[in-house]
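Good morning, and thank you for making time for this presentation.

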Amino acid sequence: MTTTQDDSQKLLCLSSQHYPMEKILVIGAFGQLGTELTISLREKFGTDQVIASDLNEGRGDVMDGPFEQLNIMDDAAYQTVLKKHDITQVYHLAAILSAKGENDPLFAWRLNMDSLLRVLESGKDQVKKIYWPSSIAVFGPDTPSKLTPQTTIMNPTTVYGISKLAGERWCEYYHQKYAVDVRSVRYPGLIGYKSKPGGGTTDYAVDIYWKAVEGSNFECYLKPDMMLPMMYMDDAVRGTIEIMEAVSDSIKVRSSYNLTGVNFRPDELYKSIIPYYPDFKISYAPDFRQEIAKSWPRSIDDGRARTDWGWHPKYDLTKMTETMIAGLKSMLIEQ
Ligand code: NAD
Ligand code: AKB
């Protein structure tokens, strides 16, 4: 049976009614995604229901609520936090991303894999629902690059991509073998103004806005025509909460769902900024990240996410640029 978007909305409402007393742990809450996701989860579930955790204390709005200093590589510390707060859901966001991962591949592999397995193990008993993000980095140079299908050739070339692909297999394994309710999407590059990115190949698409608003010029480490799939942060956060709130039966893909937002090239992103800052200049000095970007898709087919749980992005390039510039300007004025 095919689920329509209206059906998915009804399922979402039903699902939230089933779990009125969720206690949620966010691991990696001070990262680019965690900062915004934690705030949205607190708006939905209540501040005290959402425990932010990270290696160290952070700053800003995320600290306006419960916080645990937690290294997810420390099993005893993780178990203590789970018990102390009666955690029922975990959003596991801690990871080393694509560009940074290449500096120390073994460390990236250990962190990305060991932490996921630790969280999946906790899904066998206390934790009832787990969210773990994958990435378009699971794809490789021999993947069909246009409208990349949900299921296709996947031969990633970065340690990050290899760890995400292995992670997807583990998620499906834990779901099939132990009925662990783990859910995942393959994010494209995420773009938001409230937090800075942490070592990815797609970071340029955030940095460029900062430079424009600060009145500097921008040197791009990708070629002008390097088209990549991207997504505005509000779409990513909404999609994440929607997949977690959907009834379990509607989640048919237990590895990770393709998700699409907006696809653009650096020169197109630059052009979208010019109406706001006509004197803003860009130059190009491609480095090793260009090779990583080249191995990833140009666009993604996210039909399964749309059919199964009603996914639909809301931001295009124009709306994203307008929102980014307004948000950064007001943030810089407040500082
Ligand atoms: P980030 O690097 O900005 O944040 C990661 C956070 O994890 C940091 O705050 C860091 O301090 C924390 N962390 C690192 N090691 C830890 C440890 N041992 N214990 C506890 N916390 C630790 O990453 P992000 O961009 O927010 O990404 C979050 C997740 O989303 C990652 O799994 C990433 O692979 C995935 N993802 C992100 C993007 C993107 O464009 N940002 C795209 C695809 C997938
Ligand atoms: C990265 O560039 O590493 C991330 C990602 C697409 O996973 N933004």
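**Ligand 1**

A nitrogen atom of ligand 1 has a backbone N or O atom of Ile72 at 3.0 Å, a polar contact being a pair of N or O atoms within 3.5 Å; within protein, one must be able to donate a hydrogen and the other to accept it, and residues adjacent in sequence count only if both atoms are side-chain atoms. Before I continue, please note that this is a predicted model, in which local features need pLDDT of at least 70 and side-chain atom pairs count only at pLDDT 80 or more, while totals for chains, interfaces and linings use all residues. Residues are numbered from 1 along each chain as its sequence is written, chains are lettered from A and ligands numbered from 1 in the order in which they are written, and side-chain values use heavy atoms, with hydrogens and water left out.

Two further contacts involve oxygen atoms of ligand 1: a polar side-chain atom of Tyr160 lies at 2.6 Å, and a polar backbone atom of Gly31 at 3.2 Å. Ligand 1 on its own exposes 830 Å², of which the protein buries 89%; these areas come from the Shrake-Rupley method with a 1.4 Å probe, and for residues only the protein chains shown count as cover.

The shell of ligand 1 holds 26 residues, the closest being Gln32, Leu33, Asp54, Asn71 and Tyr160; a residue belongs if one of its heavy atoms lies within 4 Å. By class there are 15 nonpolar, nine polar and two charged residues. Here Ala, Val, Leu, Ile, Met, Phe, Trp, Tyr, Cys and Pro count as nonpolar, Asp, Glu, Lys and Arg as charged, and the others, Gly among them, as polar.

**Ligand 2**

Which residues surround ligand 2? They are Leu97, Ser98, Ser135, Ile136, Tyr160, Gly200, Thr201, Thr202 and Trp296. This shell has four nonpolar, five polar and no charged residues.

**A helix pair**

Finally, Asp75, Tyr78 and Leu82 in H3 meet Arg118, Val119 and Ser122 in H5, contact meaning heavy atoms within 4.5 Å. These residues divide into three nonpolar, one polar and two charged.

Technical notes: Helix = DSSP H or I, 4+ residues; strand = E, 2+ residues; numbered from the N terminus.
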